[in-house]
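User: Hi! Could you help me look through this one?
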Amino acid sequence: MRYRGRGGGFAPPVLNDPARRPTLLAFSAAGTAVSDLSAFPITTRWPALHPERIQLYSLNTPNGVKVSIMLEETGLPYEPHLVDIMQDESHLPAFLSLNPNGKIPAIVDPDGPGGKPLGLFESGAILLYLAEKTGRFIPADPARRWETIQWVFFQMASIGPMFGQIGFFHKFAGREYEDKRPLQRYVDESKRLLGVLDERLAGRDWIMGEDYSIADIATLGWVNNLVTFYGARELVAFDGYANVAAWLARGLARPAVQRGLGIPGRS
Ligand SMILES: N[C@@H](CCC(=O)N[C@@H](CS)C(=O)NCC(=O)O)C(=O)O
């Protein structure tokens with residue numbers, strides 16, 4: 001990787017000098033220029049020390065870790081930035097400039113389609129993008145590819161939102177509510193979803209059978225979070241879903257999953 005100042009002369013990578021960062025242009029291994037990231041206002045709040053790497057703005061929540069696990073699995077070079085959602089940092093103007101929905105995770109890939117930088121939010125879209133970029137963790141066969149995408153959407157549309165409500169009503173502010181019917185509703189629906197996943201995993205190591213894929217990467221963090229951080233193991237009778245429990249153990253045994261679950265962590 002070579003670096004040039006805007007003037008075009010060769011300059012060593014003085015990456016710790018904030019005044020120089022926005023002027024750095026990176027060159028890909030092929031020698032083609034990759035645009036600098038100064039067009040992305042998010043870099044004013046979370047400066048890029050390595051602008052040639054994928055910039056990850058996130059926290060290690062169940063949605064956040066999907067992307068860090070994927071980045072760890074693929075080995076793509078990336079630079080994680082902690083966005084503290086408990087301090088409302090995802091609603092700062094700099095963050096909203098990348099994701100107007102004010103939620104982590106989001107990325108900027110300096111080497112996006114056509115070699116141009118690409119900003120992206122929504123964890124499912126980011127997983128699909130990284131899978132397409134690397135050709136990994138998504139089958140090449142079109143039918144199996146769509147089947148994988150279907151299970152990614154199952155996570156995005158069902159597992160995430162329903163398990164998230166258990167988080168609210170069982171762990172966070174909603175636990176104080178006297179009326180337990182909302183909690184029960186989400187427990188019942190989450191148990192039903194665990195049943196769907198359990199049936200899918202019968203006789204399969206991974207959601208797509210032998211192929212570990214973005215469907216697993218999307219889902220592992222949510223299931224893990226349900227039974228750890230949310231403390232809902234008994235509440236959803238998790239141990240009754242033997243195939244899901246075995247799949248979770250297989251997933252947690254992957255070093256990239258272990259690393260990804262902690263990125264970006266609070267320092
Ligand atoms: N559908 C979104 C959901 C993202 C999401 O809900 N992120 C949460 C953390 S897990 C967040 O940023 N919450 C902060 C807030 O809403 O202020 C995705 O999958 O990327």
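User: Which residues are around the ligand?
Analyst: They are Thr61, Pro62, Asn63, Ile85, Ser90, Gly102, Lys103, Ile104, Pro105, Glu122, Ser123 and Gly124 (near means a C-beta atom, placed from the backbone, within 6 Å). Residues are numbered from 1 along each chain as its sequence is written. This is a predicted model, where local features need pLDDT of at least 70 and side-chain atom pairs 80 or more, while totals for chains, interfaces and linings use all residues.

User: What's that shell like by class?
Analyst: Four residues are nonpolar, six polar and two charged (Ala, Val, Leu, Ile, Met, Phe, Trp, Tyr, Cys and Pro count as nonpolar, Asp, Glu, Lys and Arg as charged, the others, Gly among them, as polar).

User: New topic: at what angle do helix 7 and helix 8 pack?
Analyst: Helix 7 (residues 214–227) meets helix 8 (residues 242–252) at about 105°, with their axes 10 Å apart. Helices are DSSP runs of H or I, at least four residues, and strands are E runs of at least two, numbered from the N terminus. Axes are lines fitted to C-alpha atoms, for helices over the stretch in contact, and angles run from 0 to 180 degrees between N-to-C directions.

User: And which residues make the contact?
Analyst: Helix 7 brings Asp216, Leu220, Val223 and Asn224, and helix 8 brings Val244, Leu248, Gly251 and Leu252 (contact means C-beta atoms, placed from the backbone, within 7 Å). Five of these are nonpolar, two polar and one charged.

User: In what order do the strands of the open sheet come?
Analyst: The four strands run 5-4-6-7, with mixed pairing (strands pair if DSSP finds at least two bridges between them). Strands 5 (78–82) and 7 (118–121) are at the edges with a single partner each, so one side of each has no neighbour in the sheet.

User: How are neighbouring strands turned?
Analyst: By 15° against each other on average, direction ignored.

How values were computed:
Two residues are in contact if their C-beta atoms, placed from the backbone, lie within 7 Å.
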